[in-house]
Amino acid sequence: MTFEDLKTEIAAARIDTVLVCMVDMQGRLLGKRFHAEAFLEMAEHETHCCNYLLATDLAMSTPEGFAATSWQSGYGDYVMKPDLSTLRPVPWLEGTAMCLCDVLDHHTHEPVPHSPREMLKRQVARAKAMGFDAIMATELEFFLFQGTHDEIARNGFHLSPISNYNEDYHIFQTTKEEPIMRPIRNHLRAMGIPVEGSKGEAEAGQEELNIKYADALATADHHTIAKHGIKEIAHLNGAAASFLAKWHHQRVGSAAHVHQSLWTAEGNAFFDADRPLAKSEVMDHYMAGLLKYAADYTYFMAPYINSYKRFAKGTFAPTQIVWSVDNRTAAFRLCGDGTKAVRIECRVPGADMNPYLAQAAMLAAGLKGIEDKLPLPEPFKGDAYADGVASYIPGTLRDACEALTGSEMLREAFGPEVVTHYARAATLEIEDFNRVVTDYEIARGLEKA
């Protein structure tokens, strides 16, 4: 939808509301609902929001410890600058359109460096300066539960998946869920998200949505809008969609695999027909960067305490930092080997990732590998869950936070203030969890301790 298209829709009284949204640290859409005519008056200028929106946690609280803003500094404003190229209808909401915004400093009007969209834009620009366009695709895995989130909360968070057994590729099982999944596919496609299809995943009530590849920024926009839309459409149909990485210790978790390649005017820079597996030297160096710095950027793949419950043997979630050819036990899988579509699939991210941050971190690592011409080790063969194969993916949020804090590569790529900002987000999650007495502790120790 162009700006002129929007004007036409507003004049015809088909659109009366515009969602003006920024993306927060958790990958959520936050913003305002504008009357459509008022949006036309400000669309090429700006609106404002409180700067705590990039210094909060999952519960939207205002925790201490962020240098970017605080009670002491008075919690001032950010500028939300509409990116009119992101205008689109919201088909499941009557008379509604949406526009994403970039976040700017209220005084300087410079981009806020720890804004997720800005972090990705800077790495995309870095790739461009090296002669590459970053092309990505993400997979959205999630669970559908009976009852809305509000109903589940009133029921003490007792969760009942919408189906009863593993529905991986299962047509009959997923037919039962078509009243939710069909509008998800159709509405997202109608709003310009290039949805290809959906399928059942490897657990009861688990779904996967596939979206066609695009440039990295568009991919992150598509992922974020789709995730938001899935939650809203499920809610409107009396169900709850959850992107929690691991909702039950006996169930498979939900991932958000990221496919990536670099392109030039000549085509896929990862492709070289004259080399083994048709992968180029550029691809080797990029993959070597992903491997070398995997621990450094794991936080951006797995940002919460719960995220690390997903990394378990025999669950299709990786545990060790290896690459392999078409092997789903490895952290990095070579896909499309021997063809012009050769690419890397990173299997580390959970469904709870922020796609802007995950893609930005992987780009930073891969581009560093190219710059330093890092050598790629031989591919791993066999079961990558076997003990001692390679180094392990950080096993806890604390371990990942320590790797993030100590990463010179990420400090160089994002700036030290940005790394410190997200490290504080990690320690807040740890501090909050450590204060809570869980049901597990009570059940295990009430009598026995």
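**View 1. Thr 329 lies in the loop that runs between strand S14 (323-325) and strand S15 (332-335).** Helices (H or I, at least four residues) and strands (E, at least two) are DSSP runs numbered from the N terminus. The model is a predicted one, in which local features need pLDDT of at least 70 and side-chain atom pairs count only at pLDDT 80 or more, whereas totals for chains, interfaces and linings use all residues. Residues are numbered from 1 along each chain as its sequence is written, and side-chain values use heavy atoms, with hydrogens and water left out. Thr 329 is buried, with a relative accessible area of 18%, where buried means under 20%, exposed over 50% and partly exposed in between (1.4 Å probe, protein chains only). Its side chain makes a polar contact with the side chain of Asn 327 (2.7 Å) and reaches the backbone nitrogen of Ala 384 at 3.0 Å; a polar contact is a pair of N or O atoms within 3.5 Å, of which, within protein, one must be able to donate a hydrogen and the other to accept it, and residues adjacent in sequence count only if both atoms are side-chain atoms. Not counting residues up to four places away in sequence, Thr 329 touches Pro 318, Gly 382, Asp 383, Ala 384 and Tyr 385, contact meaning heavy atoms within 4.5 Å.

**View 2. Ala 226 is found in helix H7 (residues 216-236).** Ala 226 is buried, with a relative accessible area of 0%. Leaving aside neighbours within four places in sequence, Ala 226 is in contact with Leu 140, Leu 188, Leu 209 and Ile 211. The C-alpha atoms of Ala 226 and Ile 211 are separated by 9.1 Å, the two residues being 15 residues apart along the chain.

**View 3. The largest nonpolar core has 127 residues, of which Phe 39, Leu 209, Leu 262, Tyr 297, Phe 300 and Phe 332 touch the most other members.** Helix H10 (residues 355-371) gives the most to this core, with eleven residues. A nonpolar core is a set of buried Ala, Val, Leu, Ile, Met, Phe, Trp, Tyr and Cys residues joined through side-chain atoms within 4.5 Å. Tyr 297 touches Leu 290, Phe 332, Ala 361, Met 362, Ala 365 and Leu 410, not counting residues up to four places away in sequence. A second, separate core of five residues includes Phe 143, Phe 145, Ile 152 and Ala 240.
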